[in-house]
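Trainee: I'd like to learn how to read charged pairs and contacts in a model. Can we work through a case?

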Amino acid sequence: MIKVNNLTKTFKGNSFIKSKSLVLDNVSLHIKKGITLGLIGESGCGKSTLGRAILKLLPCNSGEIYFDGNNITKYSSRDMIDLRKNMQIIFQHPDTSLNPSKTILFSLLEPILIHNLMDKNEAIEKIKEFLQYVHLKEEILSRYPHQISGGQIQRIALIRALLLKPKFIVLDEATSMLDVSVQAQIIQLLKKIQEEFGITYLFISHDLDLVTAFCDEIAVMNSGKIIEVGKNYDVYNNPQHDYTKKLIHTFKKFKD
């Protein structure tokens, strides 16, 4: 589904820091169709930047990005419009991507109407179907983002992505702000959605236990580089790279 070859990204300095910062350092990564790849690493290592770069939400200095067999490296913003419905992202704080002055119904309708997928009445019926799917009541449609819980907001973010029938979703710390019980519900929902719709996930997280349980494969990132990739339990129980060993040891020690 996703193939990234030698992706490099630098951020320019500012008036205080003149030098450039290398955030992605010749990153190469493959994500197989229909699986969940977990991306782990310390804060600031480039995980979120890589997720956004794959979706072409950030320009890169060099390298190639392939989506579903197509080289999209040089796609312009206009070229990406039709592709956007196939590549979605759910953020750590999804409420920030909802218009606080608009109802939940508006936020769910907006992407459908932008992509001209169906008329408004059809869209509302489809939204109601998905509400049942994620165990939310129709009354939530008249509410505003600040009037619903974090777990409900994540479900709304999922619905909004699913309405576009995406092939690939980046989940950027999408469960980290939820309490354990709600987190478990969202994870089960994500698994169910993947089984029924065949969606490929990139799951960015700092929770090694969650990544190991939820993901099929794990990629470890350090200082802008992918240093190890393998099956979930292989990486967790038998890490090969010294950094991965240190990362897992630190996590287990902190957990204890």
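Trainee: How many salt bridges does the count come to here?

Mentor: Remember first that this is a predicted model. A salt bridge is called when a side-chain nitrogen of Lys or Arg lies within 4 Å of a carboxyl oxygen of Asp or Glu. By this rule, the count is ten salt bridges.

Trainee: Which residue meets Asp68 in a salt bridge?

Mentor: Lys167 does, with N to O at 2.8 Å. Now place the partners along the chain.

Trainee: Which residue pairs with Lys128 in a salt bridge?

Mentor: Glu138, at 3.9 Å from N to O. Lys128 belongs to helix α4, while Glu138 is in the loop between α4 and α5, ten residues apart. For accessibility, Lys128 comes out at 25%, which means partly exposed. Glu138 is partly exposed as well, at 43%.

Trainee: What is the distance between the closest N and O atoms of Glu217 and Lys231?

Mentor: They are 4.0 Å apart, and the pair forms a salt bridge. Here the link runs between strands: Glu217 is in β9 and Lys231 in β10, 14 residues apart.

Trainee: Is Glu217 buried or exposed?

Mentor: Buried, because its relative accessibility is 8%.

Trainee: Which residues are linked with Glu217 in a network of salt bridges?

Mentor: Lys32 and Lys231. When you find a pair, look for further partners.

Trainee: Let's turn to contacts. Where is His115 found?

Mentor: In the loop between α3, residues 104-114, and α4, residues 120-133.

Trainee: Which residues does His115 touch, leaving out those up to four places away in sequence?

Mentor: Ile81, Arg84, Lys85 and Leu164. Contact here means heavy atoms within 4.5 Å. His115 and Arg84 are 31 residues apart along the chain, and their C-alpha atoms are separated by 9.1 Å.

How values were computed:
Residues numbered from 1 in each chain as written. Predicted model: local features only at pLDDT ≥ 70, side-chain atom pairs only at ≥ 80, totals over all residues. Heavy atoms only, no water. Helix = DSSP H or I, 4+ residues; strand = E, 2+ residues; numbered from the N terminus. Buried < 20%, exposed > 50% of the residue type's maximum accessible area, 1.4 Å probe, protein only.
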